[in-house]
Amino acid sequence: MKLCILYVEDNANDQLILKHSLENNLPIDFDLTIASTGKEGLNEVEKKKFDLILLDYMLPAMSGIEFLNELQKRKIQTPIIFVTSKGSEKIAVEAMKLGVIDYIVKDEISSNRLIESIREIITKSSLPDEVDMETAKQIAKLFAESSIMHIDVVETLNSAPKSQIPVEKLVSALKRMVEVGILKANPSRSVVACPSCGSLTASLRLQCPECGDDQLKKGESLEHLTCGNVDFESKFKRGEDVLVCPKCEKKLKMIGVDYRRIKSWYKCSHNHFFGQPVVGFNCCFCKKDFTSEDAMLEMLQEYQLTEKGSDILRLGLLGTGMTKRPEKRLN
Ligand SMILES: [Zn+2]
Ligand SMILES: [Zn+2]
Ligand SMILES: [Zn+2]
């Protein structure tokens, strides 16, 4: 991301001061266009889209206020910082009414105050409207810890001390940030969502197909072919190598002849035996049960910052200690 900034200023000295201040203090790449008159400024604005306009009030021919009126006529909504001389706060107030976001006095051109203002304005205008600054900062913190955010075990994420945001809010913020190009998302896998409340916290529930009981046991099982009895192998064991059917009390003779081995089978507390339990779910959030037919599917995503996203993070979302200007990129 390269910030496009327009500075409408007739004073060559001030032009230089601003340029140096931006070069030294702004943590991302930028492209500064300078216009010496309001007319020149309007020309630039018609030629290309800027991320920010710095506008001096005391301009020859066309004043800053007149310039603002011209921008309004053209329906240009670029964020503007107004630059006034000391003691002209009244004009600044007038400018604010014309949509100016912030104003500084001339002495502050090289100040941190201006840099902070630029950072805040660009960050806010880059974020989707629905994502507030606080949520964005929390998300930035998570990305500072790991470059990939995996919304998977939702409860883990919920209970992590780092993320104070409710998961639903976090996920919708992440989705919006994907839409505006701050993040990119890759599908990771689909999971079951509760059809009643949408929660992803459902746990698997296994039931007896005959009676619906969900207190099941599972084990290696045998079928006594002579009488048709099926039970866990342990129920047949009578000492070393001796198998006796617990139903008809006959001794089992030879595998494949009078009995067979069934792999793992399930048994409910009403003694029904079956190979495939009915798979259902229980929502840990609203506590409702639902079947796999009723279950909704949700695709989980992995989120990563785009280059633009990292720039915005550096610019305005992380603490100042992490916002050093990176080494100049070679391109
Ligand atoms: Zn049963
Ligand atoms: Zn038997
Ligand atoms: Zn639910």
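1. Asn282 has Asp289, in β14, as its bridge partner. Strand β13 (residues 278-282) pairs with β14 in the antiparallel sense over 3 bridges; strands count as paired if DSSP finds at least two bridges between them. Strands (E, at least two residues) and helices (H or I, at least four) are DSSP runs, numbered from the N terminus.

2. This is a predicted model, in which local features need pLDDT of at least 70 and side-chain atom pairs count only at pLDDT 80 or more, while totals for chains, interfaces and linings use all residues. Residues are numbered from 1 along each chain as its sequence is written, and chains are lettered from A and ligands numbered from 1 in the order in which they are written.

3. An open sheet is formed by 3 strands in the order β8-β13-β14, with antiparallel pairing. Its edge strands, β8 (203-207) and β14 (289-291), each pair on one side only.

4. Helix α10 (residues 307-317) is largely enclosed by the rest of the structure, because 8 of its 11 residues are buried (20 or more other C-beta atoms within 10 Å of the residue's own, C-beta atoms being placed from the backbone). Among them are Gly309, Asp311 and Arg314. The buried residues of α10 pack against α5 (112-126), α6 (133-145), β7 (183-193) and β15 (296-305).

5. An automatic or database assignment supplies the domain bounds: domain 1 (3-126), domain 2 (133-196 + 297-322) and domain 3 (204-279). Between domain 1 and domain 2, 7 residues of the former are in contact with 7 of the latter, contact meaning C-beta atoms, placed from the backbone, within 7 Å.

Notes: Contact = placed C-beta atoms within 7 Å. Buried ≥ 20, exposed ≤ 12 C-beta atoms within 10 Å, placed from the backbone.
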